[in-house]
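Here is a short briefing on one structure. Please keep the sequence and the 3D view open while reading.

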Amino acid sequence: MMADFAGRTLVDLSGDVRSGKILAADWVRFCLARIAESNDTLTAFLAVDDQAAIQNAEAVDARIRRGDKVGPLAGVPVAIKDNISTAGILTTCASRMLERYRPAFDATVVERLKAADAIVLGKTNMDEFAMGSTSSSSAFGPVRNPWDRERTPGGSSGGSAAAVAAGMAAAAIGSDTGGSIRQPAAWCGISGIKPTWGRVSRHGLVAYANSLDQIGPMARSAGDLATILSMISGSDQHDATCQQKPELVPSGLLNVNTRELRIGWLPSQFENGAAGDANLPVRKAIDEIGGECRGMVELHSRYQSVLCGVYYIIAMSQASSNLGRFDGVRFTARFADNADPGDASDQLDAMYRQTRGTGFGREVRRRILLGTFALSAGAYDQFFSQASKVRRLVRDELLDMFRDVDVILSPVTVGPPPKLGEKVDRLRSYRADSFTVAANLAGLPAMSVPCGMTDEGLPVGIQMIAAPWREDLLLSLGQRWQQMTDWHLRRPS
Amino acid sequence: MTGPINLETLCELARLPLPEPESARGELQDELQRTLDFFGEIAAIETSGVEPLIQPLDVDPAPQPGTTHTSLMGNASLRDDVVVHGMDPSVATANAAETDGQYFLVPRVLK
C-alpha cells in the first residue's frame, strides 16, 4: 500500500525518504498518478516529464540504499512555473510565442532544487507571460481550481497553486510580480511566499517587470516553505540584483519567538466593504494572531487608493521593454505569410508585426501598448516618472511602519475566485490587486497562508508582510498560526 | 486626464499590428483610454522634490563582502570582470525560426 503522500508535509516525507522508510520513486509515482487522473480537467501542468522524474527518483533511492549523502530535498516532487527556464524542457510562458522554446540552460532556482535532490515533475500553466490573476489567459487553456472546478485558481501562478492543492506535487515554484504567488495560494488553500526582492536569483526567469518580479515557493505549510526557500536563496553570479545575505537555514527561519512580535494592520482595508464578506475570516485571524503576540498597532496609509495605478504603470512599462525580445528572430516562432510587402526594409518590420500580433495574446498586446505609451515622449513624466516617484513614497511609508511593527497582516484578495468565463471588467480586476502590489513596489517579503473558508467552502488566505530580509518573521509566525489552526490541512474533495 | 492616444503611432512603436477589422480599433482605443484615465489618478499625489525609485532596495548601504565592485545600486553582487566561455553559437541559435547554425537569419533588409 502506498504511504499517505498527500496528507503529510514535505519535511516529514523527505525525512522518511532519507531514512529509507519510503521510496522517492513511490512518492513521485503517487504525484504522477494524481496528474494523470486530474490534469485533463485542471490543466495545471503544461508539460510532465514522467520518465525523467521516475529515473531521477530511483537514482536518489539507490544512493540512499548505498548510504551515499543526499540533499535536503531528496525525492521531493516539485513543479516549476512555465516562465522559469528548464534545460531542454519546453518553457512556453503559456504563450504561442514560445510554444516550441526549449531553453539551453536551467534557471538558477531549478539548478539549486536539483542540487538538493528535488525531483522536477514538469511545468505548470499560468497566465500568458504572467500577466493576469486568473490563469485564464494561457494560450493552452485555463487552469481550474481544485476546490471548485467552475472557478479560477487565481494567477498568474495558478497552475503551481492548483498542482499543490490537488496533491499533484509536494511543492511548486511560482513567480510574483504583483501577487502572483500569494493570490493563487490564497484561493487554492495553500501557503506561498514572495521573498524579499533580491533574495532568490531570477536568472532564467522570463522577465515581466524586473523591478517587481520575484521567484518563490508554494507548498502546504510555512515549514515546507522555509525548507525550500533556504535551498533556493542566496547570491548568484548570473543575477546582479540577487543579494549576498547570511545564508538561510530552515531552523533559523522558524525559530523567532512570535510572542515578541508587534502586529500591524490597516483598519481602512476592512471599511466600506473594501475587503468584502469573503475576508471576514481574515479580520478574525488578525485578532487571533494579535492576541498571541506582543501587541497590535493600527496603521494608516496615504497611498492605498493609488497603489494599483502605480503598480500597473511600472509593470506594463517594464513589460513593453522586456517583451521587445520576442521578435520572431531569436527564441520564438515566426509568424509571417511571406506576402511581398514591397520595399525590402519593410519586410523585416512586417515580420515583427505579424509575429507579435499572432504570437502574443490579447492581454499581453494590450499591456505592451499601454507600457509603450507610458514610456513615450510626452507621457513619460505624467506616467512612468510620476509612478516611480509615488513608488518611493509608498516604499518609505512602509519602511516607516516597520519602525513600530514587525509584521503587517492584511487580506490577500478582495473576494472569492471568479467563475471561469465570468465577465470581469478589466479595471475592476486591476484594482483587485490592491492588497498585494505594495509588497512588490517596496521589495518586501510577503506570504499568504490559509486562515478560513467562505460560506461556499472556498479557502481564504491571510497576508503577512515584513521588512526587507525578514522572511524569518513571516515563516515563524506562519508556522505558529499553523500550530494554532488546521486550515492548511484541509483538502479539496 | 490624458489627451487622446494615437493608436496607429502606438502600434508602430510597439511593433504590433493594428487590430482587424477596422471596427475593432475604436473599441481598443476606448479601452486603452479608460485604463489611462485610471492611471492618471496618480497625478493627485504631490511628488515635487521626490526622486523616482527605480528598484526597491537602495536602502541597504552595506558593502558586499567578497565583491570588488561598487555599483550604482550600492550592493549588487557583480562578478569579477574576467572572460568566461559563453554559449556556443549552435546552442544559442537552436530555438531560432531561421538560422544557419552560426547566425540568426532575418528577411532581407537591404535592396
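The notes below cover one helix, one chain contact and one residue.

The model is predicted. Chain A touches chain B, with 61 residues of chain A in contact with 48 residues of chain B. Elsewhere in chain A, helix α7 is largely enclosed by the rest of the structure, because 11 of its 11 residues are buried.

**Helix α7 of chain A**
- The helix spans residues 222-232.
- Its buried residues include D224(A), T227(A) and S230(A).
- L225(A), I228(A), L229(A), M231(A) and I232(A) are also among the buried residues.
- Just after α7(A), G234(A) has a positive phi of about 110°.

**Where chain A meets chain B**
- The contact joins 61 residues of chain A to 48 residues of chain B.
- On the chain A side, α10 (307-322), α11 (344-359), α12 (362-375), α13 (381-404) and α15 (437-442) each supply at least two residues.
- α13(A) gives the most to this side, with 13 residues.
- By type, the chain A side divides into 29 nonpolar, 22 polar and 10 charged residues.

**L393(A)**
- L393(A) lies in helix α13 of chain A.
- Is L393(A) buried, partly exposed or exposed? L393(A) has 19 other C-beta atoms within 10 Å, so it counts as partly exposed; a buried residue needs 20 or more.
- Beyond its neighbours within four places in sequence, L393(A) is in contact with Y303(A), I45(B) and V50(B).
- T91(A) and L393(A) are 302 residues apart in sequence. Their C-alpha atoms are 37 Å apart in space.

Terms used: Residues are numbered from 1 along each chain as its sequence is written. Chains are lettered from A and ligands numbered from 1 in the order in which they are written. This is a predicted model: local features need pLDDT of at least 70, side-chain atom pairs count only at pLDDT 80 or more; totals for chains, interfaces and linings use all residues. A residue is buried if 20 or more other C-beta atoms lie within 10 Å of its own, exposed if 12 or fewer, and partly exposed in between; C-beta atoms are placed from the backbone. Helices (H or I, at least four residues) and strands (E, at least two) are DSSP runs, numbered from the N terminus. Two residues are in contact if their C-beta atoms, placed from the backbone, lie within 7 Å. Ala, Val, Leu, Ile, Met, Phe, Trp, Tyr, Cys and Pro count as nonpolar, Asp, Glu, Lys and Arg as charged, and the others, Gly among them, as polar.
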